[in-house]
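Student: I have a model open and want to go through it. Can we start with how far to trust it?

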Amino acid sequence: TADIRESGYSAVLDVVDVNRADQVFDNVRNWLVKIMPAESDASVDLTLDQPLGSNPPPGSGPGPEASPLRTLSGQPGETLVLDNIFITNTGGRPDSYLLTIVPKPGVTLPAGLSWQFLNADNIPITHSVTLPVSGSEKVKLKITIPEDAVPGSGSLWLKAVSGNRDSEDTLHLALSITAAASHLTLAPMGLAQVLPGSLTYFLHQLVNHTEVTIDIVHLKLTDTLAGSGWQSRVYQDLDGDGQLSAGDLPVADIAPLLPAETRNLVVQVFAPANAFSGRRNITTLTASWKDPDGKGERLSVSVTDTALVNDARVVITKQQAPWDCRSPLPDRFSGTDFPARPDTCVVYKLTAVNQGAEPVQNLIIHDRAPAFTRFVTGSGLPAAQGVLPGTITVLDQTISAQWLPAIAPGETVSLMFGIRIY
């Protein structure tokens, strides 16, 4: 017998004697409390840089990740764009996916923060196209920071939810809001390795963003390990060649700094011969000036340069090759210059060789994209050859790769990255 009630469905099994069917000797009631729908065959995977393939891209697998895969950084009023977001249908039926942004639990997004998803033709969308099984679509995320946003940082979750809402995936992103540009800016921060008893150099640009002349800008250097013999000096790169040349002179004051003028600076850092491997010196370059608004107060901006001692005799070479941004990546590189036009790409290859007799720990290769270019974060770039890097980080106009596993004597590793000229 069966009994259907609001609390569920039950079936009673009676035990009777075949010769006395009118008498029940025992019974048992089986309850089916809830009838579940059939298991969903929907599934989706959100990734960055490239769709799912033989080499798992960032974000592959169930999300959200424990830490952000990318950090979007900008000032109030600025619009940020994250390219190369891929939606892949990993389920068993065609499906379309709703795209949305939500704050990580416990995080409050700035009031007025807005975002928009764009397809490959830069058309605003809220859903992906209907993707076949194993099909992928490339989209972009555009985030606009409100003018009155307060500087700070927090985590965002980018979600793709299937049409029947029975499957979803999440990418963990970070948003960093920096203070609006002051009268002057001094950038970028530097990171380099240095041998004991030798010099390393950091390049910076001091820019006047005002419409008035700054009469005197005073430059000051400090070193965290000055008491151990570390020394630093700042030069003005008079010929603008990006390196310390014979004609470049030490500078303590820049007078005057005209409206919209840029001064190229080179910070030279000396590591003493007795510096131990792994020691880290931080040089701070501070530029200070009198407020041109007539308030009399002194304003300042600073930038830091980090020099890490490495006595393993690592030699790094940099080569380049032209690329049309679409074809397979080039496999031949050289150290010679070549002309490059807007809307084309250049692929760089930085190769590090451990020429010493000891393994190298915590090897870091870093570089910076030239002005009027941006990094290519697709087509398999950035990439590494040799020992896989622990982390490859692209942030604004800088890129770095850090190898946590030891690099053995004679071993070679390389970092490849591309820039697009605009």
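Tutor: The protein chain has an average pLDDT of 84, and 87% of the residues score at least 70; pLDDT is the predictor's confidence in each residue, from 0 to 100. This is a predicted model: local features need pLDDT of at least 70, side-chain atom pairs count only at pLDDT 80 or more, and totals for chains, interfaces and linings use all residues. Residues are numbered from 1 along each chain as its sequence is written, and side-chain values use heavy atoms, with hydrogens and water left out.

Student: Where is confidence lowest and where highest?

Tutor: Strand β1 (residues 2-5) is lowest with a mean of 49, and strand β16 (residues 217-223) is highest at 96. Strands (E, at least two residues) are DSSP runs, numbered from the N terminus. Residues 34-39 have pLDDT below 50, and beyond near neighbours in sequence this stretch has 0 contacts in the model; contact means heavy atoms within 4.5 Å. Where pLDDT is low, the predicted coordinates should not be read in detail.

Student: New topic: how many disulfides?

Tutor: The structure holds 1 disulfide, a pair of cysteine sulfur atoms within 2.5 Å. Cys325 and Cys345 form it, with sulfur atoms 2.0 Å apart.

Student: Which hand, and what does the pair tie together?

Tutor: The S-S torsion of Cys325 and Cys345 is about 110°, so the disulfide is right-handed. Cys325 lies in the loop between β23 (314-323) and β24 (345-354) and Cys345 in strand β24, so the pair ties together parts 20 residues apart in sequence.

Student: Are Cys325 and Cys345 buried or exposed?

Tutor: Both Cys325 and Cys345 are buried, meaning under 20% relative accessible area with a 1.4 Å probe, protein chains only.

Conventions: Helices (H or I, at least four residues) and strands (E, at least two) are DSSP runs, numbered from the N terminus. Buried means under 20% relative accessible area, exposed over 50%, partly exposed in between (1.4 Å probe, protein chains only).
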